[in-house]
Amino acid sequence: LGLTVVLTLHDLTLAAEHADTLLLLHHGRRVAFGPLAAVLTRAAIASTFAVTARIDARGQTPCFSFHL
């Protein structure tokens, strides 16, 4: 289709389920940009949200949970 959709999500599992390319921001600055595996890493999530992330990659789409 050649269609671009820009969407703001805070649910990382939902973003991983629907996005081809992700932009991760922290205080309005780019932390990471690119495909899911390159952007939503445990290190990037920890530095952006100050949480420890658990990524369950057993299914088709990763599922994210967090420890505060």
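The count of salt bridges comes to one, where a salt bridge is a side-chain nitrogen of Lys or Arg within 4 Å of a carboxyl oxygen of Asp or Glu. This is a predicted model, in which local features need pLDDT of at least 70 and side-chain atom pairs count only at pLDDT 80 or more, while totals for chains, interfaces and linings use all residues. Residues are numbered from 1 along each chain as its sequence is written, and side-chain values use heavy atoms, with hydrogens and water left out.

**Salt bridge**

- The side chains of arginine 58 and aspartate 56 form a salt bridge, with 2.7 Å from N to O.
- Arginine 58 is exposed, at a relative accessible area of 71%, and aspartate 56 is partly exposed, at 21%.
- Buried means under 20% relative accessible area, exposed means over 50%, and partly exposed is in between, with a 1.4 Å probe and protein chains only.

**Largest pocket**

- The volume of the largest pocket is about 800 Å³.
- A pocket is an open set of points on a 1 Å grid over the protein atoms alone, where a 1.4 Å probe fits, with protein on both sides within 12 Å along at least five of seven lines; lining residues have an atom within 4 Å of a point.
- Grid points are joined across faces, edges and corners, and the volume is the space filled by probe spheres set on the points.
- Lining the largest pocket are 22 residues, and Leu7, Thr8, Thr21, Leu22 and Leu23 lie nearest its centre.
- The elements that give two or more residues to this lining are α1 and β1 (22–26), and β1 supplies the largest share, four residues.
- Helices (H or I, at least four residues) and strands (E, at least two) are DSSP runs, numbered from the N terminus.
- By class, the lining has 16 nonpolar, five polar and one charged residues.
- Ala, Val, Leu, Ile, Met, Phe, Trp, Tyr, Cys and Pro count as nonpolar, Asp, Glu, Lys and Arg as charged, and the others, Gly among them, as polar.
- Leucine 22 lies in strand β1 and is buried, with a relative accessible area of 11%.
- The C-alpha atoms of leucine 22 and proline 35 are 6.1 Å apart, and these residues are 13 residues apart along the chain.

**Nonpolar surface patch**

- A nonpolar patch on the surface is formed by Leu1, Leu3, Val5, Leu7, Leu9 and Leu14, which together have about 700 Å² of accessible area.
- Patch residues have over 30% relative accessible area and no salt bridge, and nonpolar side chains (Val, Leu, Ile, Met, Phe, Trp, Tyr) are joined within 5 Å.
- Accessible areas come from the Shrake-Rupley method with a 1.4 Å probe, and for residues only the protein chains shown count as cover.
- Leucine 14 belongs to helix α1 (residues 12–18) and counts as partly exposed, at 34% relative accessibility.

**Positive phi values**

- Histidine 27 has a phi near 55 degrees, a positive value in a residue other than glycine.
- Histidine 27 is in the loop between β1 and β2 (29–34) and is exposed, with a relative accessible area of 74%.
- Alanine 50 has a phi near 55 degrees, a positive value in a residue other than glycine.
- Alanine 50 sits in the loop between α3 (42–49) and β3 (52–56) and counts as exposed, at 67% relative accessibility.

Methods. Patches are made of residues with over 30% relative accessible area and no salt bridge: like charges are joined within 9 Å, nonpolar side chains (Val, Leu, Ile, Met, Phe, Trp, Tyr) within 5 Å.
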